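Reader: Hi! I am new to protein structures and would like to learn how to read the features of one. Could we go through an example together?

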Amino acid sequence: MKIQWLIPVLAAGLSLAAGELEEIHEGERKLEALQAELLEAKKENQRLAEAGENLRRTAAVTRSEAPLPVKPAAKPADRILYRFSPSDKDGFQLPEGAEVVKLDGGTAFRITAAAPGKSMMARRTLTVPDGVRLRFRAEVKAEGVTREKGKRLAGIRFGGMFGEDGKRQWPAARPCDGTFDWQEFDFETDIPFGTKRFLLLAGLTAESAGTVWFRNFEVRVVEK
């Protein structure tokens, strides 16, 4: 009688134990699944880190292999055609009253006009290459140079002329007057094809008076 009562109790206990065991197994399965997910996530993070490192290395190589900026080529030096100071051998034709003098440790020619009325120009014909741009330079000193009122192109002239009648051109530095120590005067001009000679002019225009000195002439081919 007692054994028959105990059987249902034991059966209920076994059933409860089986349920608990199943819950334990289910928890273990969930834990394993979670561990698997964590492992996969760790592998994915590692793959992403490796991909990032590869990108960084590729970018570094790309920067190192990128071409350096190209520096502009150095401008060729201008070619000197003439360099001379006034002397009896330099080929200048001086106006009446002008003379070559020694001044400030060098040689210069001096031109004096007591009053306006006559152009006082030193002249020299130069053989020049055609189809180029030339720069003419000289050092100039002046004392008491004046020009007639309203004559903007009068005064000290440093320039020249080339071309035939009707097609002559007269390039020159900006004319000026006054008193000043040695200064550089210069001008540039294009020499057309077919032109072989240039008449260099230096002195005082007809509407001017005073004294002017010129020295250290130079002619260069200017690289375009």
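Author: Gladly! Let us begin with a word we will need throughout: a strand, written E, is a DSSP run of at least two residues, and strands are numbered from the N terminus. Asn 216, for example, is found in strand E9. Please keep in mind that this is a predicted model.

Reader: Thanks! What is the phi of Asn 216?

Author: First the general idea: most residues other than glycine have a negative phi. Asn 216 is not a glycine, yet its phi is positive, at about 50°. With a relative accessibility of 29%, Asn 216 counts as partly exposed.

Reader: Where does Asp 104 lie, and what is its phi?

Author: Asp 104 belongs to the loop between strand E2 (99-103) and E3. Its phi is positive too, about 55°, although Asp 104 is not a glycine. Asp 104 counts as partly exposed, at 49% relative accessibility.

Reader: Let us turn to aromatic rings. How is a pair of them described?

Author: A pair of aromatic rings is described by two things, the distance of the centres and the angle of the planes. A search of the whole structure finds 16 aromatic pairs. Take Phe 109 and Phe 217: their ring centres are 5.8 Å apart and their planes stand at 25°, so the pair is stacked.

Reader: Why does that angle make the pair stacked?

Author: Because planes under 30 degrees apart count as stacked, and the planes of Phe 109 and Phe 217 are at 25°.

Reader: Which parts of the chain does this pair tie together?

Author: Phe 109 lies in strand E3 (residues 106-113) and Phe 217 in strand E9 (residues 208-222), so the pair ties together parts that are 108 residues apart in sequence.

Reader: In which strands do Phe 136 and Phe 187 lie?

Author: Phe 136 is in strand E5 (residues 132-147) and Phe 187 in strand E7 (residues 178-191), so this pair ties together parts 51 residues apart in sequence. Both Phe 136 and Phe 187 are buried.

Reader: What sits over the ring of Phe 84?

Author: The charged end of Arg 124 does, 4.1 Å from the centre of that ring. You can look for another case at Trp 182, where the charged end of Arg 215 sits over the ring, 3.9 Å from its centre.

Reader: Now for charges that meet each other. How many salt bridges does a search of the whole structure find?

Author: The search finds 14 salt bridges. In one of them, the side chains of Asp 186 and Arg 135 meet, at 3.0 Å from N to O. This pair links distant parts of the chain, with Asp 186 in strand E7 and Arg 135 in strand E5, 51 residues apart. Asp 186 is partly exposed, at 33% relative accessible area, whereas Arg 135 counts as buried at 17%.

Reader: Which residue does Arg 137 meet in a salt bridge?

Author: Arg 137 meets Glu 184, and the N to O distance is 2.8 Å. Arg 137 lies in strand E5 and Glu 184 in strand E7, so the pair ties together parts 47 residues apart in sequence. Arg 137 counts as buried, at 16% relative accessibility, while Glu 184 counts as partly exposed, at 44%.

Reader: Which residues are linked in the network of salt bridges?

Author: The network links Arg 135, Arg 137, Glu 139, Glu 184, Asp 186 and Arg 215.

Reader: One last stop: what does Thr 195 touch?

Author: Leaving aside residues up to four places away in sequence, Thr 195 touches Val 128, Pro 129, Asp 130 and Phe 162. Thr 195 has its place in the loop between E7 and strand E8 (197-204), and at 13% relative accessibility it counts as buried.

Key
Residues numbered from 1 in each chain as written. Predicted model: local features only at pLDDT ≥ 70, side-chain atom pairs only at ≥ 80, totals over all residues. Heavy atoms only, no water. Phe/Tyr/Trp six-rings, centres within 6.5 Å; stacked < 30°, edge-to-face > 60°. Helix = DSSP H or I, 4+ residues; strand = E, 2+ residues; numbered from the N terminus. Buried < 20%, exposed > 50% of the residue type's maximum accessible area, 1.4 Å probe, protein only. Lys NZ or Arg CZ within 6 Å of the ring centre and 35° of its normal. Salt bridge = Lys/Arg side-chain N within 4 Å of Asp/Glu carboxyl O. Contact = heavy atoms within 4.5 Å.
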